[in-house]
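User: I'd like to talk through the aromatic rings and their surroundings here. Can you take me through it step by step?

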Amino acid sequence: MQLTDILKTEHRVIEIVIACLERIAGEASQSGKLNRDAAEKVIDFIRNFADRCHHGKEEDHLFTSLESAGMPTEGGPVGVMLREHQMGREFVRQMSEAIPAAGEGISEAVKAYATAAMGYAALLRAHIQKEDNILFPAAENLLSQSELDALRVQFDLTEREHMGEGTHERYLALARDLAIEYGVPHQQLEKLLGQGSCCCSHEAKG
């Protein structure tokens, strides 16, 4: 698996959870009460899998390598991606703050949660498309194979030392459970879990 394929595969997992988030928000808007348990699971997934792990690999390793190779941060695609990461974190903060009251059926909180959730979903869908179709091809053209190989080693270290062994697989399972609960297609998750490895570059320890 190529370096950017690792990130793209993670994107597919994130998109599954985004689809669950959209259904959770829609259900809350219709019923007037949020499924707090499901909403908190999505926040957990976003903060740890999507942000701490996936965005961490990009911000700490890929983006800095691109900057060192001559891609400007300000005024360039990396700067746009960084701003959108921050925007996403603000949406997540808003969702998290609204969850307790929305779970009690307080209408203002349900509305605040749904607005933040749908804003996050729209942002991340567009963000992923930009990375898949613009930033990642640019990275493959700009960085040498040795630089890409070095980044792959850093990604492995992020998995093992920063996240911890088994963490990635646990969030794949969480995503699968949410997808089953909300009727979201998740064949790719079943494949990743069934083959005994996560969507990153290291083998799962069984």
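This is a predicted model: local features need pLDDT of at least 70, side-chain atom pairs count only at pLDDT 80 or more; totals for chains, interfaces and linings use all residues.

User: Is Phe 45 buried or exposed?

Analyst: The cut-off for buried is under 20% relative accessible area. Phe 45 has 1% relative accessibility, so Phe 45 counts as buried.

User: What is the angle between the planes of Phe 45 and Phe 49?

Analyst: Rings of Phe, Tyr and Trp (its six-membered ring) pair if their centres lie within 6.5 Å; planes under 30 degrees apart are stacked, over 60 edge-to-face, and the rest tilted. Phe 45 and Phe 49 sit four residues apart in helix 2 (residues 36–68), so about one helical turn separates them. Helices here are DSSP runs (H or I, at least four residues), numbered from the N terminus. The pair is stacked, with 4.8 Å centre to centre and planes at 15 degrees.

User: Which helix holds Tyr 171, the residue that pairs with Phe 45?

Analyst: The ring centres of Phe 45 and Tyr 171 are 6.4 Å apart and the planes are at 70 degrees, so this pair is edge-to-face. Phe 45 lies in helix 2, so the pair ties together parts 126 residues apart in sequence, and Tyr 171 lies in helix 6 (residues 167–182).

User: Which helices do the buried residues of helix 6 pack against?

Analyst: Tyr 171 is one of those buried residues, and Leu 172 and Leu 174 are among them too. Contact means heavy atoms within 4.5 Å. The partners are helix 1 (3–31), helix 2, helix 5 (145–164) and helix 7 (187–194).

User: Which residue just after helix 6 takes a positive phi?

Analyst: Helix 6 has 16 residues and reaches 23 Å from its first C-alpha to its last. The expected span is 1.5 Å times one less than the number of residues, and 23 Å is close to the 22 Å expected. Just after helix 6, a positive phi of about 65 degrees is taken by Gly 183.

Note on methods: Residues are numbered from 1 along each chain as its sequence is written. Side-chain values use heavy atoms; hydrogens and water are left out. Helices (H or I, at least four residues) and strands (E, at least two) are DSSP runs, numbered from the N terminus. Buried means under 20% relative accessible area, exposed over 50%, partly exposed in between (1.4 Å probe, protein chains only).
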